[in-house]
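Trainee: I would like to learn how to read a model with two chains. Could we go through it step by step?

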Amino acid sequence: MYLALLKELLRNRAAAAGLALLLATLLAATLGRFWFPGDPWEMSGAPMLWPGDDAANPLGTDLMGRDMATGLVSGAGVSLMIGLVSTLIAAGAGITIGALGGFYRGWTDAFLMRVTELFQTVPQFVLAVVLVAIFKPSVATATFAIGIVSWPPTARLVRSEFLALRERGFVEAARALGMGDFRLIVTQILPNALPPVIVIAALNIATAIQTEAALSFLGLGDPNVMSWGTIIGNGREQVVDAWYICGLPGIAIVLVVLAFNLLGEGLNDALNPHLREKET
Amino acid sequence: MTQTRISAVFRFLRRRLWQVVPVVFGIALLNFLILQLAPGDVVDVLAGEAGAATPEYMARLRADFGLDKPVPVQFLHYIQHTALLDLGFSFRQNMPVLQLILERLPATLALMTAAMGIAVISGLILGVLSARHVHRAADRVISIFVLVTYALPTFWLGLMAIVLFSARLGWLPSSGMTDISVELTGFAYLRDLAKHTVLPALTLATFYLAVYTRLVRTAMLEYFGADFIRTARAKGATEARITLFHALRNALLPLMTMLGLQLGSILSGAVLVESVFSWPGLGRLAFESVLARDFNLLLGILLFSSVMVTVLNICVDVVYAFLDPRIEF
């Protein structure tokens, strides 16, 4: 099934481009470390060297003479990691809340939906800023905060899937066989509700990466970790004289976010073929 | 619009305004929970840790919160204050939090309004263009533009806009809301304000512009096949008339829904745009309070902006009903 899905994705030009971009980022985050093994915080050349000025710093240096390429490679890892883990947190919370609400309905559902609405009303980035600022900036708090602010769409989606699926024949049959609630939810309904959740998760990674960059841009990044947002935030004061310091990590963010968006759309086309037919 | 409908709008407003109450309660609970879970006691967190607060202020805060009492009592205390919109005092800025927020509010509302105006109008134009020329060159170019725009981080776009339009080309100012070095009045003042607004508003608008373009395109394509459009065609209406008066009017509805859903996210975007362009609004205030570790102010902004989103949402619902006469209040 996974092979078939991959084949379907590769046939879709946009999704294939997304996969290629993603692969490039993964390579940068892993193999790039061997290529640029230095400490991204360490001074390695004259400050504000432009890209191409010196072969030792192919992408130039920042205001403090730190190597840009090393920083960008480190940022790739941070972005992917925080994007993935926070999305897992959001998916976990969203699936749990949506499944409970959709399966049990009644007051459980009413209560959980109220909570979901509350989290959708709060300006999400402001809440993330509050959480990270109060619980001290670090990779862990950023990941957690981004996860906490991004679960509501998943919860709503899973809830509506559960509401529809719980009435279906195969669920009735399993219930008649004496299957308990937990097994019904996990083994019968959830697998059928997952495809759209996967699409949302791919798109969510893109948003999470942007949120992480924005947090570190505001100075709420982990003080020991060089991420793309940190580089942009540090280069901000001199952006007019040396725009490449902010420019390069920004382009990196655009490419990775684009990759996950394309992938999400490709997955959407592959997993919900009836939507594609409607489009044309 | 009949008299009964207008009075129905008012009844609807009265009922909807009550929905602000659970939001205030919910956010207050959330804020309280965050404060309880944070390292140190509530007062340490609220006063920040840079040690700028005087011992008297800390003692007053401790008494205010009743820290010697059990947690539920503390919560009741907190809720009582919040319900009366008493958001406390900002020690760093030496002003009540509510007053600080209200002073900064107009700038943020102005920025949001300008940005949304740009996003809705250009989104409509691009979406209609795209739908009219579906699968042709114009549609493809717009689609690629939308795709790239989706991926642009707002704050980065703002920085790059400053480099290009302020520093290199010198067309537009890069920071603030007005030129503070000269005293301007009347028309000159408005001109200055408009010049300062262009870059931040465009930056904030870009992402939503892409969302609306896509939304309008999909909606228009759907309506081009609908029965009421076929009827209009059969009556001999021109394509331009069909596009503008029949399809577009209906495409506005999903756009309004999306706008309502995105109000919180627009406010979030404003935080970043304001800190890039030193725009003196709520977002800039939030940024300043993070830098100063003034958490009481920060939590006040969180509460206030959530209430604002709820109220603006109610406004969107009213506009929606004006656009679609089928909606019952």
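Predicted model: local features only at pLDDT ≥ 70, side-chain atom pairs only at ≥ 80, totals over all residues.

Trainee: What share of chain B counts as buried?

Mentor: Buried means under 20% relative accessible area, exposed means over 50%, and partly exposed lies in between (1.4 Å probe, protein chains only). In chain B, 49% of the 329 residues count as buried. The accessible surface of chain B is about 16000 Å², and 67% of that belongs to carbon and sulfur atoms. Such areas come from the Shrake-Rupley method with a 1.4 Å probe; for residues, only the protein chains shown count as cover.

Trainee: How is the size of an interface given?

Mentor: It is often given as the accessible area lost when the parts come together. Buried area is that loss (1.4 Å probe), summed over both parts. Between chain B and chain A it is about 3800 Å², with 78% from carbon and sulfur atoms.

Trainee: How many residues does each chain bring to the contact?

Mentor: Contact means heavy atoms within 4.5 Å. Chain B brings 44 residues and chain A brings 40 residues.

Trainee: Which polar links cross between chain B and chain A?

Mentor: A polar contact is a pair of N or O atoms within 3.5 Å; within protein, one must be able to donate a hydrogen and the other to accept it, and residues adjacent in sequence count only if both atoms are side-chain atoms. Between chain B and chain A, 6 residue pairs are in polar contact, both residues at pLDDT 80 or more.

Mentor: A salt bridge is a side-chain nitrogen of Lys or Arg within 4 Å of a carboxyl oxygen of Asp or Glu. The rule finds 1 salt bridge across this interface. Its partners are the side chains of Arg214(B) and Glu265(A), at 3.1 Å from N to O.

Trainee: Which elements supply the side of chain B that touches chain A?

Mentor: Those giving two or more residues include helix H2 (20-37), helix H9 (186-224) and helix H13 (295-323) of chain B. H13(B) gives the most, with 8 residues. By class, this side of chain B has 31 nonpolar, 7 polar and 6 charged residues. Here Ala, Val, Leu, Ile, Met, Phe, Trp, Tyr, Cys and Pro count as nonpolar, Asp, Glu, Lys and Arg as charged, and the others, Gly among them, as polar.

Trainee: Where is Thr197(B), and is it buried or exposed?

Mentor: Thr197(B) is in helix H9 of chain B. Thr197(B) counts as buried because its relative accessibility is 15%. Not counting residues up to four places away in sequence, Thr197(B) touches Ala114(B) and Trp279(B).

Trainee: What is the phi of Ser278(B)?

Mentor: Ser278(B) has a positive phi of about 50 degrees, although it is not a glycine. Ser278(B) lies in the loop between H11 and H12 of chain B and is partly exposed, with a relative accessible area of 31%.

Conventions. Residues numbered from 1 in each chain as written. Chains lettered and ligands numbered in written order. Heavy atoms only, no water. Buried area = accessible area lost by both parts, 1.4 Å probe. Helix = DSSP H or I, 4+ residues; strand = E, 2+ residues; numbered from the N terminus.
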